[in-house]
Amino acid sequence: MFAFLAFGALFWFPLLKACMMNVNSVMVAIMSFCVTMGMSSMDKRYTLTFIQSVLSISFHSNQLLLPLDEKGSFEYLMLPFLSALPTVVTSWIEVIYCTAFYQGIGGHAIYDASIIVSFVLYY
């Protein structure tokens, strides 16, 4: 059990903190623990979808809770289109069509590449 909690601390805390930079580290640690415990009883087939969902909800809730003066910029408007949408679409294609199509063209590496490409487009 200790190894699993250590994995949660080393895997989830940095990811969630990167998604929610404005949130207190104690709150991120609590969320990391909750997400780790939620993953503990999950079927391994659903872990990619779970991870993608947690990261997406964390990132977008952080964006929605920004102060109003930060939401009026062109960058705030373009963020969902250039950084989030390609990653979300790619992750759903991977989940639905992995064995039929996606695995043959690179599989999860395509998903990882979509994250990098989308953020390069944004920045």
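**Charges, fold and core**

The protein has 4 positive and 6 negative charges, and their mean positions lie 11 Å apart. Here Lys and Arg count as positive and Asp and Glu as negative, with His and the chain ends not counted; each charge is placed at NZ of Lys, CZ of Arg, CG of Asp or CD of Glu.

Please note that this is a predicted model, in which local features need pLDDT of at least 70 and side-chain atom pairs count only at pLDDT 80 or more, while totals for chains, interfaces and linings use all residues. Residues are numbered from 1 along each chain as its sequence is written, and side-chain values use heavy atoms, without hydrogens and water.

As to the fold, the protein contains five helices and zero strands (DSSP runs of H or I, at least four residues, and of E, at least two, numbered from the N terminus). Its C-alpha trace spans about 40 × 35 × 20 Å along the principal axes. Of the 123 residues, 28% are buried, that is, under 20% relative accessible area with a 1.4 Å probe, protein chains only.

Which residues form the largest nonpolar core? It has 12 residues, among them Trp12, Met39, Phe59 and Leu79; such a core is a set of buried Ala, Val, Leu, Ile, Met, Phe, Trp, Tyr and Cys residues joined through side-chain atoms within 4.5 Å. Helix 1 (2–19), helix 2 (25–40) and helix 3 (47–64) each give two or more residues to this core, and helix 3 gives the most, with four.

Finally, beyond its neighbours within four places in sequence, Trp12 is in contact with residues including Phe7, Val35, Met39, Phe50 and Leu55, contact meaning heavy atoms within 4.5 Å.

Conventions
Buried means under 20% relative accessible area, exposed over 50%, partly exposed in between (1.4 Å probe, protein chains only).
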